[in-house]
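Hello,

Here is the structure I promised to pass on. Please have a look, then read my notes below.

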Amino acid sequence: MKLECCPCCKGRAYFADMPVNDMLLWQVICEECGMATAYDEDKLFCRDRWNLRQERSNLKTWVTALGALAPFLAIVFFLAGTLTGASLTR
């Protein structure tokens, strides 16, 4: 099963298993920084959870950047409207 690189440090990831009673629990761990998923009975679920982290990380980056730009854009549009004489009231 293919594991994507770590979203934090781009290190190589591997599966770790832990026997508990009659079950085998799985976890994906980064060899470089140690970031890991929670233990789960389903190895495929652990893989999917790990591989989707980068996509979620990229989405959070864009949402944060757009959120940070919103006040700046509001000020720019306000100043542009003031300079051009635009008004919200008649």
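**What I found**

Of the 90 residues in the protein chain, 20% count as buried. Please keep in mind that this is a predicted model. The chain has two helices and two strands. Along the sequence they follow the pattern β-β-α-α. The accessible surface of the chain is about 7000 Å², and 63% of that belongs to carbon and sulfur atoms. Among contacts with a separation of 6 or more, 27% are between residues 24 or more positions apart.

**The hairpin**

Start with the strands. Strand 1 covers residues 13-20 and runs antiparallel to strand 2, with eight bridges joining them. Strand 2 spans residues 23-30 and is mostly covered, with six of its eight residues buried.

The two strands form a hairpin with two residues between them. Asn 21 sits in this loop between strand 1 and strand 2. Its phi is positive, about 55 degrees, although Asn 21 is not a glycine. Most residues other than glycine have a negative phi. Is Asn 21 buried or exposed? Asn 21 counts as exposed, because its relative accessibility is 78%, and the cut-off for exposed is over 50%.

Lys 10 is another non-glycine residue with a positive phi, near 65 degrees. Look for Lys 10 in the segment before strand 1.

**A buried threonine**

Next, go to Thr 37. This residue lies in the loop between strand 2 and helix 1, which covers 43-51. Thr 37 has a relative accessible area of 3%, so it is buried; the limit for that is under 20%. What does Thr 37 touch, leaving aside residues up to four places away in sequence? The list is Gln 27, Val 28, Cys 46, Arg 49, Trp 50 and Arg 53.

**A nonpolar patch**

Now the surface. Leu 66, Leu 69, Phe 72, Leu 73, Val 76 and Phe 77 make a nonpolar surface patch of about 600 Å². Leu 73 is partly exposed, because its relative accessible area is 39%, and partly exposed means the range between the buried limit of under 20% and the exposed limit of over 50%.

**The cysteines**

How many disulfides are there? The count comes to zero. A disulfide is a covalent bond between the sulfur atoms of two cysteines. The rule asks for two cysteine sulfur atoms within 2.5 Å.

Check Cys 8 against that. The closest cysteine sulfur to the sulfur of Cys 8 is in Cys 6, at 4.6 Å, so this pair is too far for a bond. Cys 8 is exposed, with a relative accessible area of 58%.

Then check Cys 9. The sulfur of Cys 9 has its closest cysteine sulfur in Cys 30, at 3.5 Å, so that pair is too far for a bond as well. Cys 9 is partly exposed, at a relative accessible area of 35%.

**Where to look**

For a quick tour, begin at the hairpin turn with Asn 21. Move on to Thr 37 in the loop between strand 2 and helix 1. Finish at Cys 9 and Cys 30, whose sulfurs are 3.5 Å apart.

Best wishes

Technical notes. Residues are numbered from 1 along each chain as its sequence is written. This is a predicted model: local features need pLDDT of at least 70, side-chain atom pairs count only at pLDDT 80 or more; totals for chains, interfaces and linings use all residues. Side-chain values use heavy atoms; hydrogens and water are left out. Buried means under 20% relative accessible area, exposed over 50%, partly exposed in between (1.4 Å probe, protein chains only). Helices (H or I, at least four residues) and strands (E, at least two) are DSSP runs, numbered from the N terminus. Two strands pair if DSSP finds at least two bridges between them. Contact means heavy atoms within 4.5 Å. Patches are made of residues with over 30% relative accessible area and no salt bridge: like charges are joined within 9 Å, nonpolar side chains (Val, Leu, Ile, Met, Phe, Trp, Tyr) within 5 Å. Accessible areas come from the Shrake-Rupley method with a 1.4 Å probe; for residues, only the protein chains shown count as cover. A salt bridge is a side-chain nitrogen of Lys or Arg within 4 Å of a carboxyl oxygen of Asp or Glu.
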